[in-house]
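Subject: Structure handover

Hello,

The sequence and the structure are below, for you to keep. My notes on what was found follow directly after.

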Amino acid sequence: MTSPDSGVPRLVVAAPSSGSGKTTVATGLMAALTGRGLAVSPHKVGPDYIDPGYHALATGRVGRNLDAYLCGPELVGPLFLHGARGCDIAVVEGVMGLYDGAAGEGELASTAQVAKLLRAPVVLVVDASSQSRSVAALVHGFVSFDPEVRIGGVILNKVASDRHEALLREAVDSVGVPVLGVLRRAARVDVPSRHLGLVPVAERGSDAVDAVAAMGAQVAAGCDLEALVGLARAAGPLPGGSAPWTPGPVPTHRPTTHHPARSVERSTPRVAVAGGPAFTFSYAEHTELLAAAGAEVVTFDPLRDEELPEGTAGLVVGGGFPEVYASELSANEGLRKSVAELALSGAPVAAECAGLLYLCRELDGLPMCGVLDASARMSERLTLGYRAAVAVSDSVLAGAGTRMRGHEFHRTVVEPGAGAAPAWGMRAPERRVEGFVERGVHASYLHTHWAAEPGVARRFVERCRTS
């Protein structure tokens, strides 16, 4: 294994645009390298919660995000090293097109920026299904656009035939960039999608396992794994002597699953975190920060568990797809009542996006927890983008005036959109207030990354001790 100090072998899998096959190639490469006995560290550029689930399935390790907008460029290297501890190689899947980032912010949060921050070579995945010689112009443009981005090779995806492959190879050779793989069209590696992207691993069970295995087999058969590993090993040390990020002191306990018989002293408050198929959107660093702040983190599944874990002092309900499981969530009346009672007691409750919907009075006409006097419904309009926010009201997460960056991603509407004490004030793309702060509840559409503001977790756990 390689220590972080010597430079983790690494590469970035990118593409000219979304839909080129990044996830298939990146996940397949992770699975293929893991199958060869390497410890692979999986990473995803941007705020995506779904792809890291497939990465985790491919590698057996937690998939982690690298987001220069949410966390700041200065944390990209440390968070990368934190995830890559003890690994032989790291594979970073990009987001959108290689040079696409936060709207109106130049290269900020783009795959290209992350590749430069990590000094990682880029493997460009090109959808070659509707071109032959033109691929040379495309690759040349991406290679020359930013000299600081090193395109180490190309993987040609969706190649139709041997003749098509020969034409593509000849074209790319003329640019002087090596072809590191050629993949034919293969339906078995396709992952189903719906209104917010791919269907998460937690919802697909054995089908997801089979899909990841097929991706691994396709990449192993169609790509030069030795050349890809060699490219990763040529990355060298990270810039600036980066040290791994840490959530704080090593906790004396580990996150556990729901075990109602256990009790925890008040000095170690129990924080229940929603999981299961309906609530799959979370960053691994959040539970690590809660544990480092002194909490016992207990996961539970709102689709199955009929009450909160015994002794729950605080509740975190992250993002996911409650709209897909609205009937089941509504039918679990015992848990809805348990959540409402906890919130009414003044205990700290942090809810993001799907969590916000779950706390509403109703979702698409079906009863939810009724913690908030608001109703939620599905919408045809997609709300998507980075947000610069400021805390409007004092809450269990942040004091009024605290500035954070977040991300919105939903096809639902909550009415009203804000309570008497809003959670956040947004500056862009339009000025508005959003979310709810009531008693110990902080509920909002805004997804945030707590590594950017570790005080959020410490404040939440301290409120769990004192509420």
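Val154 stands opposite Val179 in strand β7. The chain crosses from strand β6 (residues 151-159) through helix α6 (residues 162-173) to β7, and this β-α-β crossover is right-handed (with the strands pointing away from the viewer, the path from the first strand over the helix to the second runs clockwise). β6 and β7 are parallel partners, with 4 bridges between them; two strands count as paired if DSSP finds at least two bridges between them. Buried stands for under 20% relative accessible area, exposed for over 50%, and partly exposed for what lies in between (1.4 Å probe, protein chains only). Helices (H or I, at least four residues) and strands (E, at least two) are DSSP runs, numbered from the N terminus.

Please keep in mind that this is a predicted model: local features need pLDDT of at least 70, side-chain atom pairs count only at pLDDT 80 or more, and totals for chains, interfaces and linings use all residues. Residues are numbered from 1 along each chain as its sequence is written, and side-chain values use heavy atoms, with hydrogens and water left out.

Which strands pair with β2? One is β4 (residues 89-93), which pairs with β2 in the parallel sense over 5 bridges. Here Ser41 stands opposite Ala90 in β4. Another is β3 (residues 64-66), which runs parallel to β2 and is joined to it by 3 bridges. Val45 stands opposite Leu66 in β3. Between β2 and β3 the chain passes through helix α2 (residues 51-59), and this β-α-β crossover is right-handed.

Helix α1

Helix α1 takes in residues 22-35. At 1.5 Å a residue, its 14 residues should span 20 Å, and its end C-alpha atoms are 19 Å apart, which agrees; the expected span is 1.5 Å times one less than the number of residues. The helix is mostly covered, with 12 of its 14 residues buried. Among the buried residues of α1 are Lys22, Val25, Gly28, Met30 and Leu33. After α1 comes Gly37, with a positive phi near 95 degrees.

Cavities

How many cavities of 30 Å³ or more are there? The count comes to 2. On a 1 Å grid over the protein atoms alone, a cavity is a set of points where a 1.4 Å probe fits but cannot get out, and lining residues have an atom within 4 Å of a point. Grid points are joined across faces, edges and corners, and a volume is the space filled by probe spheres set on the points.

The largest cavity holds about 50 Å³ of space. Its lining has 11 residues, and Gly320, Glu323, Cys353, Leu357 and His410 lie nearest its centre. The elements giving two or more residues to this lining are α13 (354-359) and β18 (403-415). β18 gives the most, with 4 residues. The lining of the largest cavity divides into 6 nonpolar, 3 polar and 2 charged residues. Ala, Val, Leu, Ile, Met, Phe, Trp, Tyr, Cys and Pro count as nonpolar, Asp, Glu, Lys and Arg as charged, and the others, Gly among them, as polar.

Backbone and single residues

Most residues other than glycine have a negative phi, and most peptide bonds are trans. The peptide bond from Glu415 to Pro416 is cis, with omega near -5 degrees. Pro416 sits in the loop between β18 and β19 (424-426).

Asp364 is not a glycine, yet its phi is positive, about 50 degrees. Asp364 is in the loop between β15 (362-363) and β16 (366-367), and at 40% relative accessibility it counts as partly exposed. Arg439, also not a glycine, has a positive phi of about 50 degrees. Arg439 lies in the loop between β21 (436-438) and β22 (441-444) and is partly exposed, with a relative accessible area of 48%.

Leu382 lies in strand β17 (residues 375-391). Its relative accessible area is 32%, so Leu382 is partly exposed. The C-alpha atoms of Leu382 and Val413 are separated by 9.9 Å, and the two residues are 31 residues apart along the chain.

Regards

Notes. 1 Å grid on protein atoms, 1.4 Å probe; cavity = no way out; pocket = protein on both sides within 12 Å on 5 of 7 lines; lining within 4 Å.
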